[in-house]
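Open the model in your viewer and keep the selection panel at hand. This tour goes stop by stop.

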Amino acid sequence: MTTKTRLYSGMQPSAESLQIGNYIGALLNWKALQETHDAFFSIVDLHALTVPQDPALLAANTRRTAAQYIAAGIDPASSTLYVQSHVPAHAELAWLLNTITGFGEASRMTQFKDKSARHGAEATTVGLFAYPVLMAADILLYDTEIVPVGEDQRQHVELTRDLATRFNARFGETFVVPEASIVRETAKIYDLQNPTAKMSKSAESHAGVLWMLDEPSVTAKKIMRAVTDAEGGVVFDRENKPGVANLLTIYSSITGRTIASLEDEYAGRGYGDFKKGLAEVVTGTFGPVRQRVIEMLDDPAELDRTLAANADRAAAVAGETLARAYDRVGLLRGRTR
């Protein structure tokens, strides 16, 4: 039996390619954590259904996202990497947790309030409203101790803790109460053309987004055209030189070098040299990832077999937790498993 701390995290299959912010903010962190933790990583396709999806595209993006996880260093032999919908216990536990979640409690979730305010009540689904409860089920199914998330997800982990504590108080000790591990703010990556806005798949223009599956020449061109300033000087100054600061953050995050060492290397040199060096680093990192993804997608049957085997491992753990929860609330199904 493992003595490593149990960890859970997931990402939606919401685009054909992940972008560099996903790589720096999540995948690099996950790659390191799988060595030190008992890690469960999921492509959360059920969460993706909270907005309209093209069915064929969702299926394709789910497979492409999994391939990118693996190509970027998530080892399905060292961690448990699976597709959320392949483990029905996620949806089943979410229903139990829905029954102990207050309407007002769910209404206070910041992301729900923001999105429902933008789209209006008629375009806001019950699925979006219950999204944080499904996320709580994702986490609690695996006796998760640590949840690495961005600051924007802290409130959802706090809800998970509240629901676990409430369930345990009402029905007896059932769930591990998890802790959030907030990903450091310095990993935040901004749009290359608008370096005051976070890099996002929903950006108006993709000129400022570095996609992991872009051809190397496209990636290099985007970096060379990245917005800087007229002053010159490769110096980290988020307020006055946001474009240069963003490029330095990317360079530092991918290479593991300190920003100070990069400032020293490029002192007295122009932005052209700096951007060329960064382009070589990024294409040198993403080129092999892109090639590996292409190879896996050329043989989707093997990728599907890997995901199925991992889903079986996940289901074995999740099934025990769900049976325990069913038993606690008095559902006969839990007693016969």
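This is a predicted model: local features need pLDDT of at least 70, side-chain atom pairs count only at pLDDT 80 or more; totals for chains, interfaces and linings use all residues.

Start with helix α4. Select A89, H90, E92, L93, A94, L96 and L97: these residues of α4 are buried.

Next, go to helix α8, residues 154-171, and pick out A164. Is A164 buried or exposed? Its relative accessible area is 0%, under the 20% cut-off, so A164 counts as buried. Now show what surrounds A164. Leaving out residues up to four places away in sequence, A164 touches L140, F175, V176 and V177. I100 and A164 lie 64 residues apart along the chain, yet their C-alpha atoms are separated by 10.0 Å.

Now move to helix α1, residues 20-36. How far apart are the end C-alpha atoms of α1? They are 24 Å apart. That agrees with expectation, because 17 residues at 1.5 Å a residue should span 24 Å.

Zoom in on the start of α1. Here a side-chain oxygen of Q19 comes to within 2.5 Å of the backbone nitrogen of G21.

Follow the helix along to L27. At L27, α1 bends by about 30 degrees. Show the contacts of L27 beyond its neighbours within four places in sequence: they are L18, N22, Q68, Y69, A72, I74 and M212.

Stay on α1 and colour its buried residues. Select I20, G21, Y23, I24, A26, L27, W30, L33 and Q34. What covers the buried residues of α1? The cover includes strands β1 (6-11), β2 (38-43) and β4 (146-149). It also includes helices α3 (55-71), α10 (242-255) and α12 (271-298).

Select I20, L27, Y69 and I250. Of the 54 residues in the largest nonpolar core, these four touch the most other members. Which elements give two or more residues to this core? They are β1, α1, β2, α3, β3 (80-83), α10, α12 and α13 (300-329). The largest share, 10 residues, comes from α12.

Finish with V87, M135, I139 and L322. These are among the members of a second, separate core of 39 residues.

Terms used:
Residues are numbered from 1 along each chain as its sequence is written. Side-chain values use heavy atoms; hydrogens and water are left out. Helices (H or I, at least four residues) and strands (E, at least two) are DSSP runs, numbered from the N terminus. The expected span of a helix is 1.5 Å times one less than its number of residues. The bend at a residue is the angle between axes fitted to the seven residues ending there and the seven starting there. Buried means under 20% relative accessible area, exposed over 50%, partly exposed in between (1.4 Å probe, protein chains only). Contact means heavy atoms within 4.5 Å. A polar contact is a pair of N or O atoms within 3.5 Å; within protein, one must be able to donate a hydrogen and the other to accept it, and residues adjacent in sequence count only if both atoms are side-chain atoms. A nonpolar core is a set of buried Ala, Val, Leu, Ile, Met, Phe, Trp, Tyr and Cys residues joined through side-chain atoms within 4.5 Å.
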